[in-house]
Amino acid sequence: MIKVKLFVYYDERYPTSWVANNVAKQIVEFLEKRGFEVIDANDLKKVLTEYASKPHKEEAVIIFSRDVVPDLILDNPTNPTANSLLRRYLNAGHSIIWLGDIPLFYIGYSDGRKQNLPPNICQNVLGLNPTHDVSYKVRLTFYGLMYNLQEWIGRRPHTGVAVSIDLTPLAINWHGNQKIYHGFIASYARSSFSGFIRIYDFVMDKTLTPEYLEALYTIAVIRNPIAYLFEEVRKLNERLETKFDTIKKEVDSLVEYLKKIYEQVESKHQH
């Protein structure tokens with residue numbers, strides 16, 4: 001299993017979009033109790049730089065609790081490119097989990113301002129195809145179910161990714177005859193379960209239920225759900241074998257005890 005280092009980005013100086021402040025705080029408080037390190041925008045830049053610049057045996061996973069990208073991690077605030085620190089971190093095999101509005105729909109500044117970026121920026125930086133404005137109940141895929149994602153009403157799904165980027169669908173639907181992706185893992189390196197992970201494309205103006213938070217935690221810590229499932233089955237099998245051995249010893253001991261009693265009874269009967 002790949003070792004992961006867990007972070008959650010939260011900085012009140014910077015703006016948010018669909019993820020309300022109270023929901024962002026709820027997410028952070030939940031994850032901090034589970035061992036996540038809370039980082040602000042300055043720390044975010046440091047973490048991205050560290051993991052993008054040199055090989056690591058562990059994988060870094062960052063959950064964005066505020067759905068506006070800070071200007072500090074883009075190479076050009078008005079027209080960012082795939083040379084941005086954000087993308088170089090992903091290219092190095094690490095992961096970002098994104099909730100809420102379209103990634104890179106806005107850029108945020110430390111004075112609280114946010115401004116729209118051109119529609120093609122998400123594609124230029126992350127290789128994600130354009131989005132649709134819809135209101136569909138998502139259909140969870142096999143992997144979405146494996147991560148125990150909860151169903152939601154998706155609002156801004158993508159139509160796919162660039163040809164050179166692997167896509168693992170998590171939650172889909174159809175817009176006419178075109179498949180659209182409300183949840184997915186866009187993989188740039190390392191494995192098909194690492195990269196830019198988008199889930200929950202809806203307005204989060206009310207606190208999330210425990211089930212939504214647990215699924216968010218699960219998708220962050222389990223990089224490969226198939227390997228995780230096999231490992232859990234192996235552990236279960238070991239526990240069952242241990243219990244079986246214990247029960248067998250107890251039964252064998254009981255049989256020996258009954259055998260001795262029987263021999264004593266037989267001996268008395270013969271005399």
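Trainee: What's the bridge partner of Lys5 in E3?
Mentor: Ala60 is the partner of Lys5 in E3. E1 and E3 are joined by 6 bridges and run parallel. Strands here are DSSP runs of at least two residues (E), helices are runs of at least four (H or I), and both are numbered from the N terminus.

Trainee: Before I go on, where do these values come from?
Mentor: This is a predicted model, so local features need pLDDT of at least 70 and side-chain atom pairs count only at pLDDT 80 or more, while totals for chains, interfaces and linings use all residues. Residues are numbered from 1 along each chain as its sequence is written, and side-chain values use heavy atoms, with hydrogens and water left out.

Trainee: Ok, what's the strand order in the open sheet of 8 strands?
Mentor: The order is E2-E1-E3-E5-E13-E12-E11-E9, and the pairing is mixed. Two strands pair if DSSP finds at least two bridges between them.

Trainee: And which strands stand at the edges?
Mentor: Strand E2 (37-39) and strand E9 (139-140) do. Each has a single partner strand, so one side of each has no neighbour in the sheet.

Trainee: What about the open sheet of 3 strands, what's its order?
Mentor: E4-E6-E7, again an open sheet with mixed pairing. Strand E4 (69-70) and strand E7 (114-116) are at the edges with a single partner strand each, so one side of each is left without a neighbour in the sheet. Strand E6 (residues 106-108) runs antiparallel to E7, with 3 bridges joining them.

Trainee: Switching topic: where is Thr16?
Mentor: Thr16 is in the loop between strand E1 (4-9) and helix H1 (21-33).

Trainee: Is Thr16 buried or exposed?
Mentor: Buried, because its relative accessibility is 14%. The cut-offs are under 20% relative accessible area for buried, over 50% for exposed, and partly exposed in between (1.4 Å probe, protein chains only).

Trainee: Which residues does Thr16 touch?
Mentor: Leaving out residues up to four places away in sequence, Thr16 touches Asn21, Arg66, Asp67, Val68 and Lys114. Contact means heavy atoms within 4.5 Å. The side chains of Thr16 and Asp67 are joined by a polar contact of 2.9 Å. The Thr16 side chain also reaches the backbone oxygen of Val19 at 2.8 Å. A polar contact is a pair of N or O atoms within 3.5 Å; within protein, one must be able to donate a hydrogen and the other to accept it, and residues adjacent in sequence count only if both atoms are side-chain atoms.

Trainee: Now charges. How many salt bridges does the count come to?
Mentor: The count comes to 8 salt bridges, taking a salt bridge as a side-chain nitrogen of Lys or Arg within 4 Å of a carboxyl oxygen of Asp or Glu.

Trainee: Which residue does Arg13 form a salt bridge with?
Mentor: With Asp11, and the closest N and O atoms are 2.7 Å apart. Asp11 is buried, because its relative accessible area is 5%. Arg13 counts as partly exposed, because its relative accessibility is 38%.

Trainee: And what do Asp133 and Arg156 do?
Mentor: Their side chains meet in a salt bridge of 2.8 Å, N to O. That pair links distant parts of the chain, 23 residues apart: Asp133 is in the loop between helix H4 (121-126) and strand E8 (136-137), and Arg156 is in the loop between strand E10 (153-154) and E11. Asp133 is exposed, because its relative accessibility is 62%, while Arg156 is buried, because its relative accessibility is 16%. Asp101, Asp133 and Arg156 are linked in a network of salt bridges.

Trainee: Last one: which residues are buried in H6?
Mentor: Tyr212, Leu213, Ala215, Leu216, Thr218, Ile219 and Ala220 are buried in H6. The buried residues of H6 pack against E1, H1, strand E3 (59-64), strand E5 (95-99), strand E11 (166-175) and strand E13 (196-199).
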